[in-house]
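Subject: The two-chain model

Hi,

Here is the structure I said I would pass on.

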Amino acid sequence: MANTNQALRKSPLEGRLGGGAGVTITPADPMSRMSLRVKDKDVKTVGKALGLALPTKPKTSVVSSGKDAQVSALWIGPDEWLVLSGVDADLSGALGKIKPVHSAVDISQRNTAVLLEGPKALDLLQAGCPQNLNDDVFPIGACSRTIFGKAEVVIWRTDAQSYHIECWRSFSDYVFKFMVQAAKGL
Amino acid sequence: MLYIRCPYCEEYRPELEFRHAGEAHIERPSNLAEISADDMEKFLFIRENKRGIIFERWRHIHGCGRYFNCVRDTVTDQIIMTYKSGEPKPSDEEIEKAILALKEEQTS
């Protein structure tokens, strides 16, 4: 019998841990991720298929409520969303049967995420991100594509002191080491 | 660092999120196959590059990804206003008004 080879995906940050006084840096568990682009007129239909209303205001996110696997949609641009869900979620399957023309690209493996938690999480982020992330302009639920050091990231504020940082897999080593270094200076 | 207002994100963002994308309001000739080599050169390469107030395109590449237009003074490097691509070129009066508003903002 022929041997079958199955590609095993390993998280690029597996086993790492970092932090300092007031902040922990942990790699996020694997997730399903989708880069979604939809025209204005079809936003409602496509959102419905995913079980939520796609956010249309800049820097906002929506998390689906319901018994099924939770789906989050992050506003990235006027016609672009980053959709996140559990590792077993079938995001493109959910969109397989709808009529409106849209682009749904599976980026589960392209991106990875780092979670920041603690009272100093914001200070750590500001060590590498030039964008204003203070409470008045970046409340809980806010999200934005921006830069961190030299890498492009998506910052998503999931709680008062918790941030979910999405970055490209190939940048993740740089981003993680940058954070560990920055945490030393807090 | 410049602080640039993205008309799509509706707020000011640091310059590092943006990339400059050349002069704005350059119209692509509809009869490209027929125009002379000189006209083609003008369309592709010849830019105003003037001193003073200019119109240029920027792209919010590390943000929403959109191109937009911007009015900037090349003498002071001050960005006077930004507007969505596809919107008409602001008139001289509109630019005057925006400059005055900026001055007021700075003095207040």
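This is a predicted model: local features need pLDDT of at least 70, side-chain atom pairs count only at pLDDT 80 or more; totals for chains, interfaces and linings use all residues.

**Two domains in chain A**

Start with how chain A divides up. The domain assignment gives domain 1 as 18-30 + 109-184, and domain 2 as 32-106. Colour those ranges and you can see that domain 1 is written in two pieces, 18-30 and 109-184. Between the C-alpha centres of domain 1 and domain 2 of chain A there are 22 Å. Where they touch, domain 1 of chain A puts in 11 residues and domain 2 of chain A puts in nine residues. On the domain 1 side, β9 and β10 of chain A are the elements that give two or more residues.

Now look for the open sheet of six strands in chain A. Walk across it and you meet the strands in the order β1-β2-β8-β11-β10-β9, with antiparallel pairing. Which strands sit at the edges? They are β1 (18-20) and β9 of chain A, each of which pairs on one side only. From one strand to the next, the twist averages 25°.

For a look at one pairing, zoom in on β2 (residues 23-27) and β8 (residues 111-117) of chain A. These two run antiparallel and are joined by four bridges. Pro27(A) is a handy landmark, as it stands opposite Val114(A) in β8(A). As you follow a strand, remember a general point: in a regular strand the side chains alternate between the two faces of the sheet.

Then find helix α4 (residues 172-184) of chain A. It lies across β1, β2, β8, β9, β10 (151-159) and β11 (162-168) of chain A, and it runs at about 20° to β1(A).

**The nonpolar core**

How many residues does the largest nonpolar core have? It has 54, and the ones with the most contacts inside it are Trp81(A), Val83(A), Val114(A), Leu116(A) and Ile165(A). Domain 1 (18-30 + 109-184) and domain 2 (32-106) of chain A both give residues to this core, so the core lies between them. In soluble globular proteins, nonpolar side chains tend to be buried together.

Leaving out residues up to four places away in sequence, Ile165(A) touches Ala113(A), Val114(A), Leu116(A), Phe148(A), Val153(A) and Ile155(A).

**A loop residue: Gln70(A)**

For a contrast in setting, go to Gln70(A), in the loop between β4 (61-63) and β5 of chain A. Why does Gln70(A) count as partly exposed? It has 15 other C-beta atoms within 10 Å, and the label "buried" needs 20 or more while "exposed" needs 12 or fewer. Apart from its neighbours within four places in sequence, Gln70(A) is in contact with Val63(A), Ser64(A), Ser85(A) and Gly86(A).

**Chain B**

Over to chain B, which has two helices and six strands. Along the sequence the pattern reads β-β-β-α-β-β-β-α. Its C-alpha atoms fill a box of roughly 55 × 30 × 20 Å along the principal axes. Of the 108 residues in chain B, 16% are buried.

Strand β3 (residues 19-23) of chain B runs antiparallel to β4 (residues 53-59) of chain B, with three bridges joining them. Arg19(B) has Arg59(B) as its bridge partner in β4(B). On to the next pairing: seven bridges join β4(B) to β5 (residues 67-73) of chain B, again antiparallel. There, Ile54(B) stands opposite Arg72(B) in β5(B).

**Where the chains touch**

Finally, the contact between the chains takes 12 residues from chain A and 12 residues from chain B. On the chain A side, β5 (71-77) and β9 (143-148) are the elements that give two or more residues. The largest share of that side, three residues, comes from β9(A). By class, the chain A side has five nonpolar, three polar and four charged residues.

Note on methods. Residues are numbered from 1 along each chain as its sequence is written. Chains are lettered from A and ligands numbered from 1 in the order in which they are written. Two residues are in contact if their C-beta atoms, placed from the backbone, lie within 7 Å. Ala, Val, Leu, Ile, Met, Phe, Trp, Tyr, Cys and Pro count as nonpolar, Asp, Glu, Lys and Arg as charged, and the others, Gly among them, as polar. Two strands pair if DSSP finds at least two bridges between them. Axes are lines fitted to C-alpha atoms, for helices over the stretch in contact, and angles run from 0 to 180 degrees between N-to-C directions. Domain bounds come from an automatic or database domain assignment. A nonpolar core is a set of buried Ala, Val, Leu, Ile, Met, Phe, Trp, Tyr and Cys residues joined through C-beta atoms within 7 Å.
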